[in-house]
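Let's take a friendly walk through a protein model, one part at a time. Keep the sequence and the 3D view at hand as you read.

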Amino acid sequence: MAKAFASQGDMADKKTSFTEVGDGLWAFTAEGDPNSGVIIGDDSVMVIEAQATPRLAQKVIDEIRKITDKPITHLVLTHYHAVRVLGASAFDASQIIMSEMARAMVVERGQEDWDSEFDRFPRLFQGHESIPGLTWPTATFNKRMSVYLGNRRVDLMHLGRAHTAGDIVAYVPDQNVMFTGDIVEYHSACYCGDGHFHDWPGTLDAIRAWDVDAIAPGRGDALLGREMVAAALDNTADFVTSTYRSVARVALRGGSLKEAMAACREVCDPKFSDYAIYEHCLPFNVARAYDEARDIDTPRIWTAARDKEMWAALQG
């Protein structure tokens with residue numbers, strides 16, 4: 001029997017958790033679904049990641065309202081993917097912040113990504129009728145930007161390419177806690193379809209150099225304590241390098257994409273097959289690794305049609 005395309009077969013609701021990762025810092029997690037972060041300042045709130053729809057964003061807002069009635073003034077989007085940004089309108093934040101590169105990618109491929117992810121994640125896009133359109137930032141930056149929520153400072157930084165070319169992290173120095181977006185995952189597959197395999201390990205090392213006490217990752221449980229942080233960084237690096245090296249060996253000897261898929265499964269299935277969204281990510285990861293091994297530096301734009309053609313070609 002052919003596998004259901006991407007996550008079309010995953011329609012069961014996920015249990016959500018709201019975990020304190022530092023004083024006034026929270027991670028909203030959902031069993032491998034996209035996470036959000038919450039930073040409570042002196043008189044306002046910053047949210048990291050907007051979720052896929054206003055419906056899902058409301059679940060984050062409901063958790064925020066259990067602990068504070070301060071207004072949500074800032075929304076930070078770590079990258080451009082639809083499942084991270086299209087719920088933005090629910091927060092009614094006056095400031096929406098992305099990296100300059102992430103905004104450029106919305107211009108270049110935002111609508112195509114929305115159409116693509118809509119087909120991949122039908123459960124996440126329930127209630128999509130309330131999405132008003134593409135999400136655009138009110139402010140962008142290149143390398144670093146500091147935002148002050150009263151006395152609480154949040155440092156937004158582009159530490160390198162990884163999950164996308166425009167990834168940023170949010171660091172809260174008074175608690176030594178970082179929100180990493182999909183640069184770091186925990187017991188969830190990394191989606192590498194728009195990634196940069198050669199750069200990703202170095203970006204993880206840049207995060208490691210901050211020696212943080214906790215991380216709110218892009219997917220999976222909150223990472224509490226340096227031991228858990230280190231394990232997640234190691235595991236994410238292993239996932240990325242295992243995927244790329246197995247595929248690159250095939251691509252560089254002139255093997256086919258389907259042969260690369262088989263080689264990747266041989267290496268990665270024993271280690272990662274029980275991770276959330278592993279089967280969803282694998283074909284996209286292999287296709288991107290195959291391209292990068294052949295020196296295609298900029299990820300090709302995924303469209304709903306290209307998704308399905310690639311998926312069909314790699315099954316069996």
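Ser188 counts as buried because its relative accessibility is 3%; buried means under 20% relative accessible area, exposed over 50% and partly exposed in between, with a 1.4 Å probe and protein chains only. You will find Ser188 in the loop between strand 11 and helix 4. Helices (H or I, at least four residues) and strands (E, at least two) are DSSP runs, numbered from the N terminus.

The model is predicted: local features need pLDDT of at least 70, side-chain atom pairs count only at pLDDT 80 or more, and totals for chains, interfaces and linings use all residues. Residues are numbered from 1 along each chain as its sequence is written, and side-chain values use heavy atoms, with hydrogens and water left out.

Which residues does Ser188 touch, not counting residues up to four places away in sequence? They are Gly32, Arg219, Tyr275, Ala276 and Ile277, where contact means heavy atoms within 4.5 Å. Ser188 and Ser273 are 85 residues apart in sequence, and their C-alpha atoms are 9.7 Å apart in space.

Now for the helices. Two packed helices are described by the angle between their axes and the distance between the axes. Axes are lines fitted to C-alpha atoms, for helices over the stretch in contact, and angles run from 0 to 180 degrees between N-to-C directions.

| Helix pair | Angle | Axis distance |
|---|---|---|
| Helix 5 and helix 6 | about 155° | 7 Å |
| Helix 7 and helix 8 | about 95° | 10 Å |

Helix 7 is therefore roughly perpendicular to helix 8, while helix 5 and helix 6 are roughly antiparallel. Angles under 35 degrees count as roughly parallel, over 145 as roughly antiparallel, 65 to 115 as roughly perpendicular and the rest as oblique. Among the residues making the contact between helix 5 and helix 6 are Phe239 of helix 5 and Cys268 and Phe272 of helix 6.

Those three residues turn up again around Tyr278: leaving aside neighbours within four places in sequence, Tyr278 is in contact with Ala189, Phe239, Arg265, Cys268, Asp269, Phe272 and Ser273. Tyr278 also belongs to the largest nonpolar core, where Met178, Ile183, Val184, Trp200, Ile207 and Tyr278 touch the most other members out of 52 residues. A nonpolar core is a set of buried Ala, Val, Leu, Ile, Met, Phe, Trp, Tyr and Cys residues joined through side-chain atoms within 4.5 Å. Helix 5 supplies the largest share of this core, 11 residues.
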